[in-house]
Amino acid sequence: AKLTALKKEQDDLTCQVDLCQKKLERAETLIQSLGGEKTRWTQNAKDLSSDYINLTGDVIVASGLIAYLGAFTPEFRESAIT
């Protein structure tokens, strides 16, 4: 009876080891694939930071352009922007 219980415990432990190995392999794969995302997100944050600095000026220029060109014909507005 004791031998059967030990055999069952050994089988359970073998199964747990196998499961842990599979989890580790999946975790390593996930970490490797997310490595490139860190670089992309870092660059995206830098780009957004510079866009945020220019946001106020961009809004002022855009609103001035809209206010100035609003009285003209659509054809003239199109030619003025391009």
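Helices are DSSP runs of H or I with at least four residues, numbered from the N terminus. In this predicted model, the protein chain has two helices and zero strands. Its radius of gyration is 31 Å, well over the 12 Å given by the globule rule for 82 residues, so the chain is more spread out than a compact globule. Along the principal axes, the C-alpha atoms fill a box of roughly 95 × 25 × 15 Å.

Buried residues account for 1% of the 82 residues in the chain. The accessible surface of the protein chain is about 7600 Å², and carbon and sulfur atoms contribute 64% of that area.

Helix H1 spans residues 2–69 and includes valine 59. Together with Tyr52 and Leu55, Val59 makes a nonpolar surface patch of about 350 Å².

Two aromatic pairs are found in the whole structure. One of them joins phenylalanine 72 and phenylalanine 76, with 4.7 Å from centre to centre and 45 degrees between the planes.

| Residue | Relative accessible area | Class |
|---|---|---|
| Phenylalanine 72 | 33% | partly exposed |
| Phenylalanine 76 | 38% | partly exposed |

Both values fall in the partly exposed class, because that class lies between the cut-offs of 20% for buried and 50% for exposed.

Technical notes
Residues are numbered from 1 along each chain as its sequence is written. This is a predicted model: local features need pLDDT of at least 70, side-chain atom pairs count only at pLDDT 80 or more; totals for chains, interfaces and linings use all residues. Side-chain values use heavy atoms; hydrogens and water are left out. Rings of Phe, Tyr and Trp (its six-membered ring) pair if their centres lie within 6.5 Å; planes under 30 degrees apart count as stacked, over 60 as edge-to-face and the rest as tilted. Buried means under 20% relative accessible area, exposed over 50%, partly exposed in between (1.4 Å probe, protein chains only). Patches are made of residues with over 30% relative accessible area and no salt bridge: like charges are joined within 9 Å, nonpolar side chains (Val, Leu, Ile, Met, Phe, Trp, Tyr) within 5 Å. Accessible areas come from the Shrake-Rupley method with a 1.4 Å probe; for residues, only the protein chains shown count as cover. A salt bridge is a side-chain nitrogen of Lys or Arg within 4 Å of a carboxyl oxygen of Asp or Glu. The radius of gyration is taken over C-alpha atoms; the globule rule is 2.2 Å times the number of residues to the power 0.38.
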